[in-house]
Amino acid sequence: MVDISGLRFAWPGGPQILNIPAFSLQAGERIFLRGPSGSGKSTLLGLIGGVLRPPAGAVRILGADPGAMSGGRRDAFRAGHLGVVFQMFNLLPYLSVVENVLLPCQFSERRARAADARGGRRSEAERLLGRLGIGGDLLARPPGALSVGQQQRVALARALIGAPELLLADEPTSALDEDTKSAFLRLFLEECEATGSSLIFVSHDRTLAGNFHRTVDLDDINRAAA
Amino acid sequence: MSGAGPIPRLAFRSVANRQLTALLTILAISLSMALFLGVQKVKEGAEASFEQTVSGVDLIVGARGGDVNLILYSVFHIGSPTANVTWQTYQEIDGLPEIAWTIPLALGDSHKGFRVVGTTDAFFEHYEYGRGQTVRFAGGGAFGDLFDVVIGADVARELGYEIGDQIVLSHGIGAVSFSQHDNLPFRIAGILDRTGTPVDRTLMVSLQAIEAIHVGWQSGAPTQMARAVTPDRVRALDLQPTQVTAFYVGMSSRTALLRYQRAINTYREEPLTAVIPAIALRQMWDVIGVVEKTLSGVSLFVVFVGLLTILTSILTSLNERRREMSVLRAIGARPWHIFALLVSEAALLALAGGLLSLVILYGGLALGGPAIESAMGVRLMGVRPGLLDAAAILAAVACAALLAILPAWRAYRNSLADGLTVRL
């Protein structure tokens, strides 16, 4: 699913923050990627997501190398195969809840077709939201009218629509309180299981690690941090 | 789906979501564009009104002098002639073949600041303005009696005159005159419809009446004899005019126009000047037009300021929208989608502002047009949305899109540098 070899990265003018000789993720595997703030977790997600281009080494995803693709192909690849959930502010404030969930279908033909195959993209969006406990008149509301926990669930539904092969989650629970956090994580993992997606779940919160197939400490695979 | 697909819709929703900012921006653009288009409309109206003040007249003839001066005193009643034309010369030219009609004009008297013009019934028959309109009577008729006067629409309105009222003419053209022709009162016989030309501010009497009120006057001052004149005594006199100030000429054949103009300019018996009003008015407008060009320029700057408000509103929103841009990127939007989103938003604001400006302008003209028309004599009622408006709106949209390249470029660069998370 994900194969990293000889990856190095530095922000312009900064020191090297990533130097990963080897790292891989199996299809359907859900891993917990742990590391302190500033250790380069988000940068690694950017590289895996194909938003950043690695200056050295390769990040292969599903057997392809987005880093070697043209900008447009890389963006299309990300739109088609990856779902992303951020820490907060995941949603466009000017679209309704259900429109936010449908957004990936507008940028990716592949995910639009996948959602349509499950009974129409709108009903698929509503089904996903329903399973995450969001329905009724919330669907047509702007995201600003929802609680932070509800917003994160909408973001999850958006990442899941069209069943992308790989989900990237960047501290998706750190804005939530303890009760909502565990409920959200449970839903997240259930839906991952249901769509069969692989997951890289980034967090600094060790208490969550037990729910995953494997825990990876970024400092263990990253030689730049040493 | 890597095309522009979702971008126009996203741009629309994004603008619609920021209601207050968008509304104020649209308002600023629409007001500035309504001002610009309004200036253009008034300019067109004023130019048309000006150049068509004497549309049916082929030549204006007066004593030898400048073209502009002749036009000013014979058409606009501004300034004074240097000399008059003798009645004999007028008669000779009037009798030439290919001259269809003439309208004689005798100037030099006034009534409460309005000019008095001595003329004949030919004026009401042949004088044309605008697109070939002749003057029409709102009430009454032409001269039936020696002491009948026909007044223009503004004279009637501002002085509150009605048919049958008695008035006294003054000697000279000042607003306050100390020499009144008060021994010979006139009766208002007709009131003309509004024309939007200087005729509206004119009183017309017959040439004989001009002779009559000057019986006994010598070198501009009344003699003892003038004081003794009464209407009854004057009617008994021979009132054959001896001179006119100028006259309008209508040709039966336009091909002879230039030949006749030259013949009159080189007339042996008397030094004369003949001008073709269509050409002279055009030249005069080119001079007056500087004002209009300045106004156009100023209003164009106002439009530019209006467009700058778009740039300002987008630039200031850029930082708070950085999150939104990375979300779009994460979902699969390409950097140029981000670029296109911001440019589309600017274009959308300009388009909405442009359309609203038409509503403001034509709504304003429908409501205030008649008032402007009667106050300024500029014809505006025929003005309809046209090609100019469409072109102006398109230009504004293009300018807004062009200006938006600056913030769009910054957002584009940010979206490339930020990766999946905003680094602030």
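**Entry 1: a serine in chain B**

In which helix of chain B does Ser313(B) lie? I located Ser313(B) in helix 11, which runs over residues 277-317. The model I am reading is a predicted one. I then looked up the accessibility of this serine: the relative value is 13%, so Ser313(B) counts as buried, the cut-off being under 20%. I also listed its partners, setting aside neighbours within four places in sequence, and found Ser313(B) in contact with Thr21(B) and Thr25(B).

**Entry 2: chain B as a whole**

I counted the secondary structure of chain B and noted 15 helices and 17 strands. The C-alpha trace of chain B spans about 105 × 45 × 30 Å along its principal axes. I recorded 50% of the 424 residues of chain B as buried. Among contacts in chain B with a separation of 6 or more, I found that 79% join residues 24 or more positions apart.

**Entry 3: the interface of chains A and B**

How many residues does each chain bring to the contact? I noted 29 residues from chain B and 30 residues from chain A. The area buried between the two chains is about 2700 Å², and carbon and sulfur atoms give 62% of that area.

The rule finds three salt bridges across the interface of chain B and chain A. One of them joins the side chains of Glu99(A) and Arg9(B), with an N to O distance of 3.8 Å.

I then asked which helices of chain B each supply at least two residues of the side that touches chain A. They are helix 1 (7-17), helix 12 (322-331), helix 13 (335-376) and helix 15 (405-418). Helix 12 gives the most to this side, with eight residues. By class, I recorded 13 nonpolar, seven polar and nine charged residues on the side of chain B that touches chain A.

**Entry 4: helix 3 of chain A**

I followed Glu99(A) back to its own chain, where this residue is listed among the buried residues of helix 3. Helix 3 of chain A covers residues 97-107 and is mostly covered, with 10 of its 11 residues buried. The buried set also includes Val97(A), Val98(A), Asn100(A), Cys105(A) and Phe107(A).

**Entry 5: positive phi in chain A**

I examined two residues of chain A for backbone angles. Leu62(A) is not a glycine, yet I found a positive phi of about 55° there. Leu62(A) is found in the loop between strand 4 (56-61) and helix 2 (71-81) of chain A.

Glu171(A) also has a positive phi, near 50°, and is a residue other than glycine. I placed Glu171(A) in the loop between strand 6 (166-170) and helix 7 (178-195) of chain A.

Is each of these two residues buried, partly exposed or exposed? I recorded Leu62(A) as partly exposed, at 36% relative accessibility. Glu171(A), with a relative accessible area of 9%, is buried.

Note on methods
Residues are numbered from 1 along each chain as its sequence is written. Chains are lettered from A and ligands numbered from 1 in the order in which they are written. This is a predicted model: local features need pLDDT of at least 70, side-chain atom pairs count only at pLDDT 80 or more; totals for chains, interfaces and linings use all residues. Side-chain values use heavy atoms; hydrogens and water are left out. Contact means heavy atoms within 4.5 Å. Buried area is the accessible area (1.4 Å probe) that two parts lose on being put together, summed over both. A salt bridge is a side-chain nitrogen of Lys or Arg within 4 Å of a carboxyl oxygen of Asp or Glu. Helices (H or I, at least four residues) and strands (E, at least two) are DSSP runs, numbered from the N terminus. Ala, Val, Leu, Ile, Met, Phe, Trp, Tyr, Cys and Pro count as nonpolar, Asp, Glu, Lys and Arg as charged, and the others, Gly among them, as polar. Buried means under 20% relative accessible area, exposed over 50%, partly exposed in between (1.4 Å probe, protein chains only).
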